[in-house]
Amino acid sequence: MSFMQIKDLNVHYPIRGGFFNTVVDHVYAVDGVTMEFEKGKTYGLVGESGSGKSTTGKAIIGLEKITSGTITYEGKDVTNQRRNRNNSFNKDIQMIFQDSTSAMNPRKRIQEVLAEPIRNFMNLSPHEEKRRIIELLEIVGMSEEALLKYPHEFSGGQKQRLGIARAVACNPKMIIADEPVSALDLSVQAQVLNFMKDIQTEFGLSYLFISHDLGVVRHMCDHISIMYKGRFVETGTKQDIYENPQHIYTNRLLSAIPNIEPSTRKERKEVRQAVEAAYRVEAPKFFDAEGKVLGLKNLSSTHRVAMSALETEAN
Ligand SMILES: Nc1ncnc2c1ncn2[C@@H]1O[C@H](COP(=O)(O)OP(=O)(O)O)[C@@H](O)[C@H]1O
Ligand SMILES: [Mg+2]
């Protein structure tokens, strides 16, 4: 059973122009997105830069205004309550970013940075608060020495661990992780990803894992949606997407995953070129006249894919 449902989410930004500065058009950053989140599972949201991934994440947590759609959390409609302090939703859903410390006050020591969410959402004595902060540092594998340091004094991997420490401070149910390892070296990426998996198991956390990297998503996610221009091109389980991809755009992204092994690199390059060539010819069939993704159809109870123009005409 899912504990949170996003239904038909739209975030449209008005574009103003002309002499009277009126609304002349909209950016359809998120355009009819529907998702369900399950306890202890990771939902991957993948797409190229500008496809609407971050806007989706921010809209869910309330950092971005929603044009329309509903968010249901534990059976309650929370669409218009997300930034209301006295709401369990705000304690239960936390976010981490590509650069976690960019969301931290650079002039505050880690002790104060980690105290913020605790003061917002928990009612602890100063002594208990300090104990909780030290416990958080232990959870993310850091020592008490971090307490008096400033965010900029840490390495990239440590910064992400601090971001995670702050996110888990008040025992959330879910973390929205927007490109959490994209700024890190490959070896550090693996450490942070494995650490995220460890605390997921330990605390029964759910993730909305946002990434442009289908290789990373494969390692992390149970269910995956591929986003293009604000819409889903394909959505399904890890098996559905990686073993039975149906949309030409999904295939194109899959063929572009870099391969570490030199022996298969040449092969991959050939596959990639063939897929690119097919894409140029076939793509128009998979989008409408404005280049938008067409409606989704069900392939199975888990797997949905956008229709081709021929199918929508037939309907
Ligand atoms: N505040 C805004 N005003 C207008 N357009 C925006 C705003 N924020 C994002 N966009 C546009 O919305 C689209 C989706 O952006 P974003 O969600 O950041 O994509 P992603 O995270 O997938 O790279 C982009 O075309 C972006 O330019
Ligand atoms: Mg983004």
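Guide: A residue is called buried when its relative accessible area is under 20%, exposed when it is over 50%, and partly exposed in between, with a 1.4 Å probe and only the protein chains taken into account. The structure is a predicted model, in which local features need pLDDT of at least 70 and side-chain atom pairs count only at pLDDT 80 or more, while totals for chains, interfaces and linings use all residues. Residues are numbered from 1 along each chain as its sequence is written, chains are lettered from A and ligands numbered from 1 in the order in which they are written, and side-chain values use heavy atoms, with hydrogens and water left out.

Visitor: Why is Cys 221 called buried?
Guide: Cys 221 has a relative accessibility of 2%, which is under the 20% limit, and therefore Cys 221 counts as buried.

Visitor: How many disulfides does a search of the whole structure find?
Guide: A disulfide is a pair of cysteine sulfur atoms within 2.5 Å, and the search of the whole structure finds zero of them.

Visitor: What makes Val 30 buried rather than exposed?
Guide: Val 30 has a relative accessibility of 0%, which is under 20%, so Val 30 counts as buried. Val 30 lies in strand β2, where a strand is a DSSP run of E with at least two residues, a helix is a run of H or I with at least four, and both are numbered from the N terminus. Contact means heavy atoms within 4.5 Å, and, not counting residues up to four places away in sequence, Val 30 touches several residues, among them Leu 9, His 12, Gly 52, Thr 55 and Met 227. The C-alpha atoms of Val 30 and Ala 59, 29 residues apart along the chain, are separated by 9.2 Å.

Visitor: Which residues are around ligand 1?
Guide: A residue is near a molecule if one of its heavy atoms lies within 4 Å of it, and around ligand 1 these are Tyr 13, Val 27, Ala 29, Glu 48, Ser 49, Gly 50, Ser 51, Gly 52, Lys 53, Ser 54 and Thr 55. Ala, Val, Leu, Ile, Met, Phe, Trp, Tyr, Cys and Pro count as nonpolar, Asp, Glu, Lys and Arg as charged, and the others, Gly among them, as polar; by these classes the shell has three nonpolar, six polar and two charged residues.

Visitor: Why is Lys 76 called exposed?
Guide: The relative accessibility of Lys 76 is 56%, which is over 50%, and therefore Lys 76 counts as exposed. Lys 76 lies in strand β5 (residues 76–77).

Visitor: Why is Ser 182 called partly exposed?
Guide: The relative accessible area of Ser 182 is 28%, which lies between 20% and 50%, so Ser 182 is partly exposed. Ser 182 lies in the loop between β7 and α6 (186–203), and its side chain makes a polar contact with the side chain of Glu 179 at 2.5 Å.

Visitor: How do you know that helix α9 is mostly covered?
Guide: Six of the eight residues of α9 (residues 248–255) are buried, namely Ile 248, Tyr 249, Thr 250, Leu 253, Leu 254 and Ser 255.

Technical notes
Polar contact = N/O pair within 3.5 Å; in protein donor to acceptor, adjacent residues only side chain to side chain.
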